[in-house]
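Hello,

Here is the structure I promised to hand over. Please have a look, then read my notes below.

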Amino acid sequence: MDWSTEFVEGLAVADPVLQLNDLHKNFGGLVVTDGVTLDIGFGELHAVIGPNGAGKTTLINQISGLLAPTAGTINFRGTDVTDLPADKRAKLGLARSFQITSVLPRFSALENVALAVQARNQTSYRFFGRADHEQPVNDAANAALAEVGLADRGQTLAAHLSHGEKRSLELAIAIAMEPKLLLLDEPMAGTGHEESARLVSVLKRLKGRFSMLLVEHDMTAVFALADRISVLTYGRILASGTPDAVRADPRVIAAYLGEEME
Amino acid sequence: MSTGLVVVQILNGLQFGVLLFLIAAGLTLVFGVMDFINLAHGVQYMLGAYLAVAFYALTSNFFIALLLALAAALVFGLLLEFLVFRHLYDRDHLEQVIATFGIIIFLNQAVKTVWGAAPLTLPIPEIFSGSIILMPGLLYPIWRLVIIASGLAIGLLLYVLVGHTRVGMLVRAGATNARMVSALGVDIRRLFMIVFGFGTMLAAFAGAMIAPILSVEPGMGDTVLILAFVVIVIGGIGSMRGAFLAALLIGLVDTLGRSFAIDILRLVMPPSPARTVGPAIASMLIYVLMALVLYFRPSGLFPARGR
Amino acid sequence: MHKKLALIGAIMGLSATAAGAQDKVKVGVIATLSGPPAVLGQQLRNGFQLAVKNLGGKVGGREVEVVVEDDELKPDVAVNKAKALVDRTKVDFVVGPIFSNMLIAIMKPVTDAGVILISPNAGTSNFAGKECNPNFFVTSYQNDQNHEVMGKYAQDAAMKKVFLMAPNYQAGKDAIAGFKRYFKGEIADEVYVPLGQLDYSAELTKIAAASPDGIFVFLPGGMGVNFVKQFRQAGLADKIKFLSAFTVDESTLPAQKEAALGFFGGANWAPNLDNPQNKKFVAEYEKEYNAVPATYAFQAYDAALLIDGALKLTKGNTSDKDALRAALMKANFTSLRGPFKFNTNHYPIQDFYQVKVAQRADGKFETQIDKKVFAGYSDPYAKDCPMK
Amino acid sequence: MTQTLAASSVLPSQQTDRANALPVAIFLILALVPFGAAFGPESYVLGLFTRVMVFAVAALALDFICGYGGLVSFGHAAFVGIGAYAVGIIGAHGVTEMLVSLPVALLAGAIFAYLTGTVCLRTKSVYFIMITLAFGQMAYFIAGSLAPYGGDDGLTVRLRSTLLGFPILQNDRTFYYFVLLSLLVVYFAFRTIVYSRFGRVLRGARENATRMATLGFDVFSFQRVGYVIAGAVGGLSGFLLANATEFVSPAYMSWQRSGELIIMILLGGLGTLHGAIVGAAAYLLIEETLGGITEQWKLIFGPLLVLIVLFARGGLLGLVDRIRGRPGRG
């Protein structure tokens with residue numbers, strides 16, 4: 001059943017996974033995030049679009065804990081995580097992918113994913129026993145690899161994967177964390193047409209299993225996937241709503257979309 | 001601790017500081033622009049001193065010897081750059097460390113083989129010899145004042161060069177993002193050679209200027225090298241302003257620490273242990289300072305690079 | 001550079017291999033030959049080799065092989081090299097080192113192995129007193145003594161106020177203690193500087209401010225070169241009498257030159273000491289190495305003579321250690337310093353002089369005997385030594 | 001800079017059996033040295049190789065933290081010195097029992113690593129190198145001011161450590177095997193750790209600390225634990241060094257010594273563990289041999305280091321690989 005839709009009937013979200021409340025971020029005099037308030041509902045796929053320099057990656061970095069906001073709060077699953085470091089947020093169920101591929105180059109694809117599995121449910125303060133021989137971990141990691149179509153590439157060093165495969169690996173790592181919320185920072189960046197289409201289908205399959213915040217430039221992908229879309233310009237939310245509503249919003253058309261849409 | 005004593009110690013600290021600055025300036029440029037750790041920078045300082053002594057023996061004129069030493073040091077530095085260093089720029093920091101360490105070992109032994117192990121000296125140029133009276137009973141050697149003045153002048157020169165010339169602009173840009181500079185179509189090789197040659201000459205200048213005060217001996221660059229690294233790390237790598245301020249800070253802290261550590265300790269403990277512990281604490285002071293700075297500012301006081 | 005000389009003993013030995021390698025007496029010389037203090041180690045090595053050469057490559061009638069090792073001024077390296085000499089080269093004697101801390105490091109591995117250790121420079125108080133060792137002989141002095149000479153001199157000259165400075169390590173503290181043993185006037189201040197300090201601007205300011213009658217410093221090697229120059233540059237040399245030990249000597253004077261003129265030191269010897277064997281030694285040393293010898297060279301020269309004299313008594317026998325020790329104890333040689341004999345702790349009983357830096361007619365600088373301060377002087381620690 | 005580390009971090013598991021033969025060969029040779037030494041200057045050869053192994057223990061710890069953790073410590077000698085001083089100071093009070101001094105040496109190294117690591121690990125790359133140097137220098141100056149324990153002169157260890165009162169290390173050959181055993185234990189411990197979950201996290205943090213944080217790893221804490229392990233093993237090396245030289249000195253903690261340790265692991269090949277042993281042996285044996293040939297050996301040794309960097313990436317082991325025609329490591 002398509003149970004994700006029932007949460008997006010209304011614009012107000014009942015029981016949000018993530019709440020950004022009047023978030024601000026300045027770099028010196030430069031305002032990069034300027035009062036962002038945003039909710040992501042359980043199971044929702046929420047896309048954030050906007051021109052280059054609108055502050056999308058900065059926003060993701062604040063949510064994942066790599067940057068501290070100047071003001072405002074971040075609430076994740078009912079907890080105020082504004083001051084928590086990235087690793088604590090990850091432990092609470094927040095996963096992210098990186099715009100610039102950020103897999104561990106000298107680890108095999110399998111080990112990249114296995115680390116995510118290891119982080120999720122076991123202590124890592126174990127100094128003996130071969131980590132790469134732990135079957136349950138490897139099984140879970142292989143499953144995640146299979147999900148993104150990398151089932152037969154597990155033993156390849158990440159550095160030797162093609163660009164598209166690395167993008168898929170990013171996704172597999174995020175999936176393996178079994179997060180409550182997945183932050184995807186331009187997962188299709190730099191991939192070809194075919195590869196994009198494949199990633200879209202993977203994301204479609206994942207939709208509903210995790211809540212997702214998707215930052216993406218590929219409009220075809222965004223409108224094919226998103227339950228709701230927020231448009232970010234100059235660090236502010238210009239408009240927020242269902243794809244149809246956003247598509248029709250004159251401010252959005254004026255400011256950003258215009259001829260790019262259809 | 002009379003005020004006169006404190007004034008003189010501050011001058012001493014300044015003199016040590018500008019000396020460190022002259023060495024650290026080249027180091028931070030080379031490090032900042034080329035991302036190259038050059039441990040052999042200290043031996044270039046040593047070489048400057050040895051060359052000045054050698055040319056003085058030939059010419060009997062300090063200033064001619066100084067100029068010749070600078071020229072020779074430049075030639076030698078560029079030769080090293082051509083033979084070894086340029087093959088290391090795209091290498092890992094650790095590989096740069098081991099290779100330039102090898103050059104230190106070689107050159108320390110080489111100067112010993114050429115000039116002997118005994119310390120050498122250089123007389124102070126006649127017109128700058130002697131002392132001036134700062135206040136009744138307190139003399140200060142003119143040559144140290146000359147060092148302070150020339151160091152400050154070079155600091156000013158660097159400020160103008162780095163702040164207001166095209167090469168300076170590239171240097172600043174390079175310290176922030178070297179890739180961008182080469183993307184701009186600048187001949188990065190040539191920029192590196194200019195920066196490197198300039199850094200070498202500054203170090204050699206420092207060596208030649210200090211030769212009349214300190215003995216010229218093998219290995220004299222090693223301790224200075226470590227201190228210069230302390231300076232550029234406290235200042236923030238690639239930052240000329242940071243190097244300048246950190247050098248003066250280190251110079252002052254070290255000198256004042258050595259002068260007054262025991263006196264201060266005597267206030268809280270008997271004289272005998274104070275005399276033993278004092279020098280240890282004084283020697284440690286700059287490292288404590290560095291640890292503190294890095295604890296609160298993990299990229300130094302004036303971080304230049306965005307990475 | 002004088003490597004070939006290092007081999008002279010060996011080559012002479014080789015030329016007589018018919019007698020078999022076992023017949024050679026092996027002597028290991030261990031000295032600091034790298035880093036700034038290398039010049040002291042070179043003096044030691046040169047002095048010893050000159051003696052071996054003059055003895056015709058023989059000691060006590062036996063061919064001698066000299067193996068030189070560099071302790072690099074690192075104690076663990078020194079221990080390693082000492083063990084190499086004892087176990088690999090199987091030396092009969094180890095001569096060295098320059099520095100007290102190296103001596104402390106190599107004492108155990110050398111003497112425990114039953115090898116005779118002869119120090120041509122370092123003579124710490126512990127090995128003179130309670131920890132004196134039957135296998136350890138000193139041809140130099142007990143470390144305190146040169147300082148005591150200066151203390152006595154300051155006392156006799158009725159100086160009122162003296163400023164003291166030394167490096168912050170045991171020998172530095174011994175130096176100050178030695179000086180104070182004889183000087184009873186006012187101490188303006190006692191300053192300990194880090195070992196290896198080169199810039200004395202801070203201390204000079206203090207000295208100027210204290211305006212003492214005299215200053216006593218123990219700043220060996222490069223430290224002394226720098227201090228003397230800076231002391232002169234600060235304009236203090238004309239106002240404050242400069243007393244020192246191991247600070248102005250022939251190893252540092254080539255660098256100090258005029259800056260040290262008229263400065264005083266305490267010593268057991270000087271190049272101009274008037275006796276025929278010394279005149280010959282100095283002339284030969286200068287000819288061979290183009291430098292004026294310092295105490296390090298003469299004491300190493302004496303060490304070779306000591307070995308030669310002892311082996312003459314044992315008829316070349318080095319395996320009977322008791323006989324060898326007894327023979328060494330007799331000090332059967334004519335020291336370059338003149339009267340010389342061993343105390344019960346195997347440290348010398350000798351004369352001490354106050355020496356003064358002067359320029360010779362040929363333009364070179366050297367220390368010259370100014371006045372005899374102690375005659376037949378022994379160190380105060382010998383009474384604690386259990387050896388009789 | 002972590003990304004560009006030229007050295008290999010290929011895990012032992014990913015190596016061929018032939019590569020695994022190397023550590024076996026190393027330990028076999030080390031085990032046989034005393035038998036060969038019996039025909040020559042025994043005590044000297046034993047002493048030399050004991051020294052090699054003592055430094056190999058320290059180098060292994062450095063390789064662990066630097067080659068696998070990406071943390072280039074320029075103050076590693078401080079741990080060695082602290083371990084040595086533990087033996088020296090305890091010995092000066094008449095206690096030679098290794099059941100006392102060994103745990104104290106390990107613990108002292110670990111505590112120093114914990115305290116300084118807490119500060120140092122806030123910084124990255126060159127700043128980390130320099131701040132570790134700062135703490136190393138502090139330890140050096142503190143040791144030099146320990147007047148009751150010899151100050152700058154150092155102090156003699158009168159008696160090698162005893163076990164339950166028995167002077168088992170007194171015999172050079174027994175001592176040699178004791179050090180060899182220590183090296184073996186340390187080597188296999190590190191091999192186990194780098195394979196383990198913990199090791200995987202440490203290696204991951206070297207590759208990309210940010211990524212590891214977003215996976216949920218508290219990178220700082222993991223690195224600190226790694227640093228503490230390296231510190232404790234450094235302390236062990238110091239325990240052995242004090243017993244080997246029967247002497248303790250601040251010089252053991254000098255920055256030059258830390259530099260030598262870095263050279264050793266680079267010489268052998270970073271991030272290989274057995275490379276640390278090869279590097280320590282190569283460095284000390286080259287020093288010993290060249291030093292025996294000419295007093296000017298540094299004129300040869302210096303350029304040798306330059307040539308190794310220019311033409312033998314990945315250290316001596318990398319060179320061996322290249323000669324065998326295998327693809328380069330890393």
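The contact between chains C and B takes 29 residues from chain C and 31 residues from chain B. Two residues are in contact if their C-beta atoms, placed from the backbone, lie within 7 Å. On chain C, the side that touches chain B draws at least two residues from each of α2 (38-54), β8 (186-193), α8 (201-210), α9 (222-233) and α10 (253-256). Helices (H or I, at least four residues) and strands (E, at least two) are DSSP runs, numbered from the N terminus. By class, this side of chain C has 14 nonpolar, 11 polar and four charged residues. Ala, Val, Leu, Ile, Met, Phe, Trp, Tyr, Cys and Pro count as nonpolar, Asp, Glu, Lys and Arg as charged, and the others, Gly among them, as polar.

This is a predicted model: local features need pLDDT of at least 70, side-chain atom pairs count only at pLDDT 80 or more, and totals for chains, interfaces and linings use all residues. Residues are numbered from 1 along each chain as its sequence is written, while chains are lettered from A and ligands numbered from 1 in the order in which they are written.

Next, chains B and D. Here 36 residues of chain B are in contact with 37 residues of chain D. On chain B, α4 (93-115), α9 (220-235) and α11 (271-296) each supply at least two residues of the side touching chain D. α4(B) gives the most, with 14 residues. That side of chain B has 25 nonpolar, eight polar and three charged residues.

One residue to look at is B:G236. Its place is in the loop between α9 and α10 (240-266) of chain B. B:G236 is buried, with 26 other C-beta atoms within 10 Å (buried means 20 or more, exposed 12 or fewer, partly exposed in between; C-beta atoms are placed from the backbone).

Best wishes
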